[in-house]
Amino acid sequence: MEHRDLVVVGLGGIGSAVLGEAARRGLGPLGLDRFKNGHTFGSSHGGSRVARQAYFEHSDYVPLLESAFDGWDRLEAETGIRCLHRIGVLLAGGDDSMLLNASLASARTHGIPIESLDPAELRRRFPQFRLPKAMRGVFEPGAGFVRPEAGIDANLQSAVGHGAEIRRPVEVLSIDAGDAGALIRTGQGEIHAERVVVTAGAWTSRLLGGLLNARVQFVPQRKEMVWFANRVGVACSSAGMPAWLIDDEGRCGNGVYYGVPTWAGQTGHLGMKIGFHGPGVPVDPDTAQAVPPDVVDRFSRDMERYLPGVLGEPIAVQSCLYTMSADEHFVIDRLPGRAAVVVAAGFSGHGYKFAPAIGEIAIDLSVGGESSLPAGFLGLSRFETEAES
Ligand SMILES: Cc1cc2nc3c(=O)[nH]c(=O)nc-3n(C[C@H](O)[C@H](O)[C@H](O)COP(=O)(O)OP(=O)(O)OC[C@H]3O[C@@H](n4cnc5c(N)ncnc54)[C@H](O)[C@@H]3O)c2cc1C
């Protein structure tokens with residue numbers, strides 16, 4: 001049987017960063033993925049991911065975001081592949097908007113530069129949007145977007161350059177583990193690993209099911225991305241158009257529309273990519289790719305309302321998977337009683353921009369049991385009952 005020190009299972013957005021981190025630390029990791037690089041079955045395709053630091057999801061994420069942005073800069077310097085574009089992010093919402101208020105609170109707590117815009121200033125600065133009159137804005141100039149395909153390429157290039165081995169397509173069928181090593185069964189034979197990091201995205205529960213506490217859930221949901229063509233130069237691909245999120249609770253309920261302008265040279269389509277971050281229903285990750293028929297019409301109607309005359313025709317639509325944890329916060333931890341296994345999953349639709357920091361945390365945990373980054377709040381103990389702890 002083959003023996004390895006460290007195996008990373010799943011080389012998507014997060015696993016590629018974990019593999020890179022392990023390789024740069026001289027751990028000679030092996031990376032496995034069931035699909036070829038560039039596949040569109042998981043969570044890390046579509047050209048762009050919004051990257052903010054004034055974090056409404058919880059201010060505890062901010063130190064991890066600061067570390068992640070530094071990590072992107074280092075990766076770009078090492079590989080020459082541009083990943084992070086600081087074009088600014090605009091948030092718009094009403095007085096009660098959690099999106100705005102929690103972002104402002106995070107920015108205040110951690111000293112993140114932001115500009116708070118009253119309704120008049122919001123309209124003056126961003127005339128391309130037509131928003132309800134009372135909406136105000138928060139603009140974070142140092143934010144922007146990361147390009148997942150570029151980030152994966154850069155991380156894999158760095159990993160291989162520092163001694164990692166990659167095998168794909170190789171499907172991992174099961175993992176058995178204790179504290180002293182793991183047995184990994186693949187379609188191409190068995191591997192004994194001292195340590196394994198599982199970054200299998202939407203397939204994590206299927207792979208680790210029996211090793212996880214029943215309260216630890218990773219539930220896949222399908223989301224859609226729709227690209228609209230450029231109509232006027234200022235709308236997309238040029239200065240003056242940041243990435244944006246609109247919290248229009250009156251119309252959209254518990255969810256936000258977001259958009260990211262695209263540009264020549266990006267993977268995917270030119271124009272503006274639109275998505276909706278909100279509640280979804282569980283899907284089977286193996287069969288979830290088909291896009292529901294009403295999505296393009298709904299997005300087109302809503303964009304005509306928020307960006308009238310700015311966007312052209314819808315030109316493409318693609319689905320992508322979220323992997324929801326029970327509380328919508330990430331899970332990055334060693335498995336209790338099976339210290340050989342670290343899991344990093346449940347990114348709940350907001351994980352990609354963190355990839356360099358998650359790589360660091362996962363390898364810290366795998367090697368020494370503790371991370372130098374303040375990531376304890378993402379541990380598995382939050383799902384234990386008092387009786388178990
Ligand atoms: C539409 C959409 C919009 C998003 N917007 C944002 C955003 O604005 N900002 C942000 O930060 N994040 C965003 N996210 C979330 C972010 O993209 C994800 O959190 C991140 O990409 C998750 O990466 P992952 O590595 O966990 O999953 P994946 O990239 O899917 O990687 C998992 C990998 O594991 C492999 N695998 C699975 N099972 C096995 C097995 N048994 N054997 C071998 N290999 C296996 C798969 O083939 C896959 O390559 C968004 C996600 C979506 C879908």
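Helices, of at least four residues, and strands, of at least two, are DSSP runs, numbered from the N terminus.

**Figure 1. Meet the whole protein, shown as a predicted model.** The protein has nine helices and 19 strands. Its C-alpha trace spans about 65 × 40 × 40 Å along the principal axes. How does the radius of gyration fit a compact globule? For 389 residues such a globule would have a value near 21 Å, and the protein has 21 Å, so the two agree. Of the 389 residues, 56% are buried.

**Figure 2. Contacts, surface and charges of the protein.** Take the contacts between residues at least 6 apart in sequence: 75% of them join residues at least 24 apart. The accessible surface comes to about 15500 Å², and carbon and sulfur atoms account for 51% of that. The protein also carries 36 positive and 45 negative charges, whose mean positions are 5 Å apart.

**Figure 3. A cis peptide bond joins R168 to P169.** Look at the bond between these two residues: its omega is near -5°.

**Figure 4. E328, a loop residue with positive phi.** Here phi is near 65°, a positive value in a residue other than glycine. On one side of the loop that holds E328 is β17 (311-324), and on the other is β18 (331-335). Is E328 buried, exposed or partly exposed? Its relative accessible area is 45%, so E328 counts as partly exposed, because that class lies between the 20% and 50% cut-offs.

**Figure 5. S348, a buried residue with positive phi.** S348 is not a glycine, yet its phi is positive, at about 50°. You can find S348 in the loop between β19 (338-345) and α9 (355-368). The relative accessible area of S348 is 1%, so this serine is buried; the cut-off for buried is under 20%.

Figure 6. With a relative accessibility of 1%, S158 counts as buried.

Key:
Residues numbered from 1 in each chain as written. Predicted model: local features only at pLDDT ≥ 70, side-chain atom pairs only at ≥ 80, totals over all residues. Heavy atoms only, no water. Rg over C-alpha atoms; globule rule 2.2 N^0.38 Å. Buried < 20%, exposed > 50% of the residue type's maximum accessible area, 1.4 Å probe, protein only. Contact = heavy atoms within 4.5 Å. Areas by Shrake-Rupley, 256 points an atom, 1.4 Å probe, with all protein chains shown as cover. Lys, Arg positive; Asp, Glu negative; His and termini not counted. Charge placed at Lys NZ, Arg CZ, Asp CG, Glu CD.
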